Amino acid sequence: MDIKPLLQTTGYDFIRTNKRLGDRIMLLGVGGSYAYGTNNAGSDIDLRGVALQLPSDLLGVTTFEQYEDDKTDTVIYGFNKLIKLLLGCNPNTCEILGLDEEQYLIKTELGQELIDNRRMFLSKRAIQSFGGYADAQLRRLQNAIARDTLPQSAREEHILKSVMHALEDLERRYPGKGVGNIRLYIDRSEDPDPPCGGVWEPGMGFCFSGQRL
């Protein structure tokens, strides 16, 4: 499917008329299933791109992070925000620089320069950002399955694992900050006495002790 003619339709007038877009757009390409090559006849068309800041943004008089159009599933980042996200190996922005040539709808000389230097943004942070993104998507699928099909005991075990993932993330973000001690386990939710000597959360089977977070 040739997507470029869509830009000339009235639904995408904002790309031409918005003062922050128009000829300030460096790159604009497809995202989602069309970027991955998994699209089908019913797939939505997502567009992702980057636009140069206005002089007033650079002077600090105005700010611009991104433009979003929900009707067309279009997101165009301001250059400064895009660079910040790329340095963190954000998956949604890294893919903008890795499209096939025919998947770009707009590409200026500055946009090509950004693509040519994309390796500058690759680092070991990708392990956490891409791995965390994949893990989050897996947990969303597991949550849906647990909610609809699993028995109560399996649901409780799944909830425990989800909370433990959150605790691991907390430790990675704030190592050695002394936020207290949190012990997690699965127990009978009807038990009124907290076996760990902390605060009992009824119906959850979680026991919290130590300092409050």
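Start with Asp 13, which is partly exposed at 30% relative accessibility. This is a predicted model. Arg 16 is partly exposed too, at 37% relative accessibility. The side chains of Asp 13 and Arg 16 meet in a salt bridge, with N and O 2.3 Å apart. Both residues sit in helix α1, which spans residues 13-17. They are three residues apart, about one turn of the helix.

Side chains of opposite charge can pair when their charged atoms come close. The model has four salt bridges in its count. Another one joins Lys 81 and Glu 65, at 3.7 Å from N to O. This pair links distant parts of the chain, 16 residues apart. Lys 81 belongs to helix α4, while Glu 65 lies in the loop between α3 (55-58) and β3 (66-69). Lys 81 is partly exposed at 23%, and Glu 65 is exposed at 51%.

Lys 107 and Glu 101 also form a salt bridge, and their closest N and O atoms are 2.7 Å apart. Lys 107 is partly exposed, at 27% relative accessibility. Glu 101 is exposed, with a relative accessible area of 52%.

Now return to helix α4, residues 79-87. Which of its residues are buried? They are Leu 82, Ile 83 and Leu 86. These residues cover an arc of only 100 degrees around the axis, so they lie on the same side of α4. After α4 comes Cys 89, with a positive phi near 55 degrees.

Technical notes
Residues numbered from 1 in each chain as written. Predicted model: local features only at pLDDT ≥ 70, side-chain atom pairs only at ≥ 80, totals over all residues. Heavy atoms only, no water. Buried < 20%, exposed > 50% of the residue type's maximum accessible area, 1.4 Å probe, protein only. Helix = DSSP H or I, 4+ residues; strand = E, 2+ residues; numbered from the N terminus. Arc of directions from axis to C-beta.
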